[in-house]
Amino acid sequence: MTCDDLLKMLNDYVDGDIDPGVCEGLQEHLDDCNPCRVVVDNIRQTITLYKGSESYEIPVKFRRRLHDSLRERWKQKHGEK
Amino acid sequence: MYGDYTEEELVQQARDGDFDAFDELVNRHERRLYSLAMGILRQSEDAEDAVQTAFIKALDALDSFRGDASFKTWITRIATNTALKILRKRRGLPTVSLDEATTENEDGIIKHPEYIADWRADPALLAQQDDVKRAIEDALAQLDDKYRLVFLLRDVHEFSTRDTARTLELSEANVKVRLLRARLFLREKLTRIFGDRVNRLHPPDHQHGDHDFTTAASLLRLYQAEQGALP
């Protein structure tokens, strides 16, 4: 197992989406290769960071406007209930 | 009153003419789609426009929704495409579908990590800081649309590879390659900001897999290179 092999399987490894046999080989490589281990950590940290920060509150005013406009459109399409 | 219904039931009721069932579907997805639209467009007015247009399109096309994908995948695909149209219009580019951008060879060489270092702080804590938020938004903004979209869906909005592929109308293999590139790109950018410079590691020699780069000699070499002592 080389650093290049790890790079190719990096996604599957990070996502825990890998055959146990292959995973063992990768694990052995990671035990011996500090840079690869740090890269895997960095990738996980990157994902955690974006997951934690990429959330936006929907503005209340917009939310009201959205529902009103959809109700209007529905009326046009289906007529009054 | 609709809280206990499954999405399939709500879709069916909406198709039978029940607006409140449709309204509940909007309630369930509006926040997520707004965040996604903000992720793509980075501007609230455009994001609002994208979300509203997407739900109106969904309302108009509800009868043609076949249920072969989930409502979530379907509405996300509509919202993503709507946001992309706005993005391209804003940039003065012709509107092309996302899959047309795939002609580039995606089996090409994956760029190896260059800046390797442990981060100095916990990412969950970093995410709370305003200056960090700006830095990671900047990094994301530098990422090409086709990679950014895959990253947003897969890693931020936790779509499966399959659902991401369906939403963006790409092959699953394509999604995987794009995700890898996106992750490596963002890792590189963020590690240059958050990495511990003192304990920076030398990238591995890609011909071999078993080198230990943490030796004093390699660190010294790295230090000298950084100081300009080496070519």
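## Stop 1: chain B from end to end

Colour chain B by secondary structure and follow the chain from the N terminus: its elements run α-α-α-α-α-α-α-α-α-α. That makes 10 helices and 0 strands, where helices (H or I, at least four residues) and strands (E, at least two) are DSSP runs numbered from the N terminus.

Before going on, know that this is a predicted model, in which local features need pLDDT of at least 70 and side-chain atom pairs count only at pLDDT 80 or more, while totals for chains, interfaces and linings use all residues. Residues are numbered from 1 along each chain as its sequence is written, and chains are lettered from A and ligands numbered from 1 in the order in which they are written.

## Stop 2: the core

Of the 231 residues in chain B, 35% are buried. Here a residue is buried if 20 or more other C-beta atoms lie within 10 Å of its own, exposed if 12 or fewer, and partly exposed in between, with C-beta atoms placed from the backbone.

Now select A37(B), V51(B), A54(B), A79(B) and V150(B): they have the most contacts inside the largest nonpolar core, a group of 68 residues. Helix α9 (residues 172-194) of chain B gives the most to this core, with 10 residues. A nonpolar core means buried Ala, Val, Leu, Ile, Met, Phe, Trp, Tyr and Cys residues joined through C-beta atoms within 7 Å.

Zoom in on V150(B). What does V150(B) touch, not counting residues up to four places away in sequence? The list is T164(B), L168(B), V175(B), R178(B), L179(B) and A182(B). Two residues are in contact if their C-beta atoms, placed from the backbone, lie within 7 Å.

## Stop 3: where the chains meet

Show both chains. You'll find 51 residues of chain B in contact with 43 residues of chain A. On the chain B side, α2(B) brings the largest share, 10 residues. By class, that side has 28 nonpolar, 11 polar and 12 charged residues. For this count, Ala, Val, Leu, Ile, Met, Phe, Trp, Tyr, Cys and Pro are nonpolar, Asp, Glu, Lys and Arg are charged, and the others, Gly among them, are polar.

Next, pick P203(B), in the loop between α9 and α10 (216-227) of chain B. Leaving aside neighbours within four places in sequence, P203(B) is in contact with P35(A), H112(B), P113(B), E114(B) and I116(B). P203(B) counts as partly exposed because 16 other C-beta atoms lie within 10 Å.

## Stop 4

Select E158(B), in the loop between α7 and α8 (161-168) of chain B. E158(B) has a positive phi of about 55 degrees although it is not a glycine. Is E158(B) buried or exposed? It is exposed, because 10 other C-beta atoms lie within 10 Å.

Then jump to E169(B), in the loop between α8 and α9 of chain B. E169(B), not a glycine either, has a positive phi of about 55 degrees. With 15 other C-beta atoms within 10 Å, E169(B) is partly exposed.

## Stop 5: over to chain A

Finish on helix α5 (residues 60-78) of chain A: its 19 residues reach 27 Å from first C-alpha to last, close to the 27 Å expected at 1.5 Å a residue. That expected span is 1.5 Å times one less than the number of residues. Just after α5(A), G79(A) takes a positive phi of about 80 degrees.
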